[in-house]
Amino acid sequence: MHKFMGVDYFNIEDLLSEDEIMVRNSVREFVEQEIIPIIEKHYREGTFLVHLIPKLGELGLFGITLPQKYGCAEMNNVAYGLVMQELERGDSGVRSFVSVQSSLVMYPIFTFGSEQQKNYWLPKLASGEKIGCFGLTEPDYGSNPAGMVTRAEKVKNGYKLNGAKMWITNGTLADVAVVWAKLDGVIRGFLVEKGTKGFSAPEMKGKHSLRASVTSELIFEDVIIPEENILPDSSGLKSPLMCLNQARYSIAWGVVGSMMTCYDTALSYAKSRIQFNKPIAAYQLTQQKLVNMLTEITKAQLLNLQLGRLKDKGEVKHTQISMAKRNNCEAALDIARTAREILGANGILDEYPVMRHAANLESVKTYEGTHEMHTLIIGEDITGLAAFE
Ligand code: TGC
Ligand code: FAD
């Protein structure tokens, strides 16, 4: 079996610290040993690799940038990005799991939560003892979450929630849902715990994409949650959008892992597949495809690294994250489709990872803001004119 040696045409590794390289290598090894051998089976069966959750916790991959006092590794954003890249080389579903837990559950608790909420939840989420999900999207409000209809109402000793969320990663598995709902017309975050009366999280079935990931509805029917489960510092749409910045960042890095495995598979196949008495890699049309793939990977890697360095300096703009998410998802999907072409009929088999990645990337290009929404977000930034209203 061909061994993956990384894809680094511009010696970008020279720009990484020893710690960053060490984290990347240990996750690469983990993916090689624990994910790649079993992922196709899970994908076919439509199941998540739940047995890996404690191991992901032991490796310190949940909430990796958060402080050690909450049981986290307190590493920088470039290390976080490299972890996402390596996990997504295994499968977008595994990256999604870690990204949701870290960016969309631990980050909002850390940023908007009380000290009591942080002390209770963060160490348990860091170890993988507890699982979380993030409920923003609703059946009728996807790209436009400001219109959400889920409502919270103040009642004695707490809040009453009514409404529904849809397309929620990890929903059925989650011990705690970070739920966004309007309280007196203002969007606030609430922690809804599994088993609360009136709360259910049925799994959505029938996906042709992200099959090794749990996606669910969240339903709230007169759900009473205690006073202390509101995220006290959350206020307005800006709060969930701040969480999305973290998750979009992790997707921008993650999809480079998909690109790398698709390119690597296509290159190796093209060198060994003989047609018309020559390897197909010897034909100019194939070489052009491979060169385009490698160029797009290199551009995405450089974009990510600078994005990470800006984020570590506290200087990143959310529109820059949008540009990286938008560019890299589109490039990754193009690369997966081109790799499938290079493999010919073999490209549709699950003996190779490319069709699975291509199918996953359809979701990845859509969630965390569609390609079109990120176009409009950047368009607004450079023109000063919002086109989505
Ligand atoms: P708008 O008026 O533009 O913004 C409201 C307030 O928020 C500020 N803001 C941001 N702040 C931080 N980060 C961002 N990215 C921000 N974008 C905007 C803005 O300045 C404003 O602040 P203030 O102080 O004036 O109140 O709001 P809008 O309603 O016009 O909508 C803006 C729009 C369209 C960009 C936003 O709604 C959007 O991004 N829509 C896309 C929805 C989306 O991405 N959903 C993702 C759901 S989660 C998910 O998909 C998880 S998948 C996970 C996985 O499995 O990996
Ligand atoms: P819509 O908003 O209905 O858009 C449909 C089409 O119209 C898109 O092409 C869109 O770009 C386009 N469009 C919309 N408005 C405009 C406009 N103004 N101008 C031009 N074009 C426009 N959400 C969560 O909250 N938590 C999760 O954990 C989560 N996980 C997900 C997991 C999966 C597998 C998937 C597929 C989705 C997940 N989502 C999650 C939801 C995801 O964020 C939404 O699907 C996404 O934001 C798009 O919303 P929508 O599907 O309702 O599409």
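In this predicted model, K207 is buried yet takes part in no salt bridge. The nearest side chain of opposite charge belongs to E203. The distance to E203 is 5.6 Å.

K207 sits in a loop. That loop runs between β6 (199–200) and β7 (215–226). The side chain of K207 has polar partners there. It reaches the backbone oxygen of S213 at 2.6 Å. The K207 side chain also makes a polar contact with the side chain of T215, at 2.8 Å. Leaving aside residues up to four places away in sequence, K207 touches S213, V214 and T215.

Polar atoms of the protein approach ligand 2 from both backbone and side chain. On the backbone side, an N or O atom of F134 lies 2.9 Å from a nitrogen atom of ligand 2. A backbone N or O atom of L136 lies 3.0 Å from an oxygen atom of the ligand. From a side chain, a polar atom of E372 lies 2.7 Å from an oxygen atom of ligand 2. Taken alone, ligand 2 exposes 980 Å². The protein buries 67% of that area.

Methods
Residues are numbered from 1 along each chain as its sequence is written. Chains are lettered from A and ligands numbered from 1 in the order in which they are written. This is a predicted model: local features need pLDDT of at least 70, side-chain atom pairs count only at pLDDT 80 or more; totals for chains, interfaces and linings use all residues. Side-chain values use heavy atoms; hydrogens and water are left out. Helices (H or I, at least four residues) and strands (E, at least two) are DSSP runs, numbered from the N terminus. Buried means under 20% relative accessible area, exposed over 50%, partly exposed in between (1.4 Å probe, protein chains only). Lys and Arg count as positive and Asp and Glu as negative; His and the chain ends are not counted. A salt bridge is a side-chain nitrogen of Lys or Arg within 4 Å of a carboxyl oxygen of Asp or Glu. A polar contact is a pair of N or O atoms within 3.5 Å; within protein, one must be able to donate a hydrogen and the other to accept it, and residues adjacent in sequence count only if both atoms are side-chain atoms. Contact means heavy atoms within 4.5 Å. Accessible areas come from the Shrake-Rupley method with a 1.4 Å probe; for residues, only the protein chains shown count as cover.
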